[in-house]
Amino acid sequence: MSKVVGGARVHRSIIKDYGIVTNYGQKIYYTAYYAVTLGYGDSPYFNLLPHEMAVVAVTYDFRTNQPTSKPLIVNKYNPAYTRNFNFPSHVEYRIDNYSRAKDWVMDDQRGNIGKFIPNKYYK
């Protein structure tokens, strides 16, 4: 199956982020939600309600040094409220730069830690 590219794009603007540490202060995970803008013709694939927006959630695991990503739906007014897409793979292939979000987290780990991964979580 060839990759169908939509007009949707993920942007390096973080809607919400958080970190998880052990009781001893050891970093475990960092998660950032990167905003997605939809292009013409993408709305039927994303099927968002008026108060919702699409994001790419990227979680960096400090123990394995690997990021994982998935598309999510968040409430525009309170990003603590999220829900999964019914068919996330159908949405992933519509975002033409989907893998970039993983790169942003990895770039940060290679030397610019603190710029996009706030140290406030890890004190």
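Visitor: Which residues of the largest nonpolar core touch the most other members?
Guide: V10, Y34, V36, F46, V56, I95 and A101 do, in a core of 21 residues. A nonpolar core is a set of buried Ala, Val, Leu, Ile, Met, Phe, Trp, Tyr and Cys residues joined through side-chain atoms within 4.5 Å; buried means under 20% relative accessible area, exposed over 50%, and partly exposed in between (1.4 Å probe, protein chains only).

Visitor: Which elements give two or more residues to this core?
Guide: They are β2, β3 (52-61) and α3 (100-109). Helices (H or I, at least four residues) and strands (E, at least two) are DSSP runs, numbered from the N terminus.

Visitor: Is this model predicted or experimental?
Guide: The model is predicted; local features need pLDDT of at least 70 and side-chain atom pairs pLDDT 80 or more, while totals for chains, interfaces and linings use all residues. Residues are numbered from 1 along each chain as its sequence is written, and side-chain values use heavy atoms, leaving out hydrogens and water.

Visitor: What is F46 in contact with?
Guide: Leaving aside neighbours within four places in sequence, F46 contacts A8, L38, A54, F85, V91, R94 and I95. Contact means heavy atoms within 4.5 Å.

Visitor: And T82: where is its place?
Guide: T82 lies in strand β5 (residues 82-84). At 39% relative accessibility, T82 counts as partly exposed. Beyond four places in sequence, T82 contacts Y33, L72, I73 and V74.

Visitor: Which residue is the bridge partner of K16 in β2?
Guide: The partner is Y33.

Key
Pairing = 2+ DSSP bridges.
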